[in-house]
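This report covers helix packing and aromatic contacts in a single model. The sequence and structure come first, then the description.

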Amino acid sequence: MGYTHYWTYKPNLIKDTEELRKMFHQAVCWIHEAHQILRKYPYTHKGQAGGYYDDIPCKIKGGLGEGRPMINESQVWFNGDSKTGMDHETFGIKWYPEKGESKDFCKTNRKPYDLLVCISLLAFLHAFENTGAFTFSSDGDNSDWEVAASLFQKISGLYVGTIFPEESHSEVE
């Protein structure tokens with residue numbers, strides 16, 4: 001067991017391929033901007049996911065905890081830094097999964113890269129808003145997501161508000 005985020009991505013619900021690419025690209029742009037902020041200000045994650053690792057800088061690496069992350073028009077794929085033990089499970093979403101949809105999860109164990117995972121989930125949720133193509137849930141609650149919601153709101157200009165209903169951790173649509 002561990003602190004985990006879950007999502008369902010159904011790009012097959014978007015019949016227009018060009019529209020799908022635009023939505024995915026919008027999410028990628030927001031995620032890329034968040035990554036740039038974390039590179040410049042590696043302690044931006046303070047308070048995220050309960051603040052368990054506030055004194056350790058956030059370094060985003062490739063999906064295996066090394067190298068460069070992939071944040072591009074075909075996929076988002078990253079992890080924390082394996083050299084410092086701040087990696088855990090890989091976060092990854094392909095623009096169009098093999099079977100046309102995917103259900104996945106990422107256990108971050110509250111490590112600093114959790115901030116970019118949460119921002120990524122918010123980015124996809126908002127990019128695919130009102131389509132039913134993206135939903136997510138989390139072991140965290142609204143207080144665990146405050147830093148991510150605030151930073152995403154600054155990046156996107158969109159109002160985030162309360163992410164999870166107070167009484168449950170139902171999927172956010």
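## Buried face of α3

Buried residues in α3 are V147, A148, A149, L151, F152, I155 and S156, where buried means under 20% relative accessible area with a 1.4 Å probe and protein chains only. Helices are DSSP runs of H or I with at least four residues, strands are runs of E with at least two, and both are numbered from the N terminus. The cover over these α3 residues includes α1 and α2 (114–127). Just after α3, G157 has a positive phi of about 80°.

The model is predicted: local features need pLDDT of at least 70, side-chain atom pairs count only at pLDDT 80 or more, and totals for chains, interfaces and linings use all residues. Residues are numbered from 1 along each chain as its sequence is written, and side-chain values use heavy atoms, with hydrogens and water left out.

## α1 against α3

Helix α1 (residues 17–40) and helix α3 (residues 146–156) have axes that come within 10 Å and cross at roughly 115°. Axes are lines fitted to C-alpha atoms, for helices over the stretch in contact, and angles run from 0 to 180 degrees between N-to-C directions. The angle makes α1 roughly perpendicular to α3 (65 to 115 degrees; under 35 is roughly parallel, over 145 roughly antiparallel, the rest oblique).

In α1, W30, E33, A34 and I37 meet L151, F152, I155 and S156 of α3, with contact meaning heavy atoms within 4.5 Å. The residues of this contact divide into six nonpolar, one polar and one charged.

## α2 against α3

The axes of α2 and α3 are 9 Å apart, and the two helices pack at an angle of about 55°. They are therefore oblique to each other.

From α2, the residues L115, C118, I119, L122, A123 and H126 meet V147, A148, A149, L151 and F152 in α3. This contact of α2 with α3 has 10 nonpolar residues, one polar and no charged.

## Aromatic pairs

The whole structure holds 14 aromatic pairs, counted when ring centres of Phe, Tyr and Trp (its six-membered ring) lie within 6.5 Å; planes under 30 degrees apart are stacked, over 60 edge-to-face and the rest tilted. The ring centres of Y9 and F128 are 5.5 Å apart with planes at 70°, so this pair is edge-to-face. Y9 lies in strand β1 (residues 4–9) and F128 in the loop between α2 and β6 (134–138), so the pair ties together parts 119 residues apart in sequence.

Y9 counts as buried at 0% relative accessibility, and F128 counts as buried at 2%. One aromatic cluster is formed by Y9, F24, F124, F128 and F134.

Notes: Nonpolar A, V, L, I, M, F, W, Y, C, P; charged D, E, K, R; others polar. Buried < 20%, exposed > 50% of the residue type's maximum accessible area, 1.4 Å probe, protein only.
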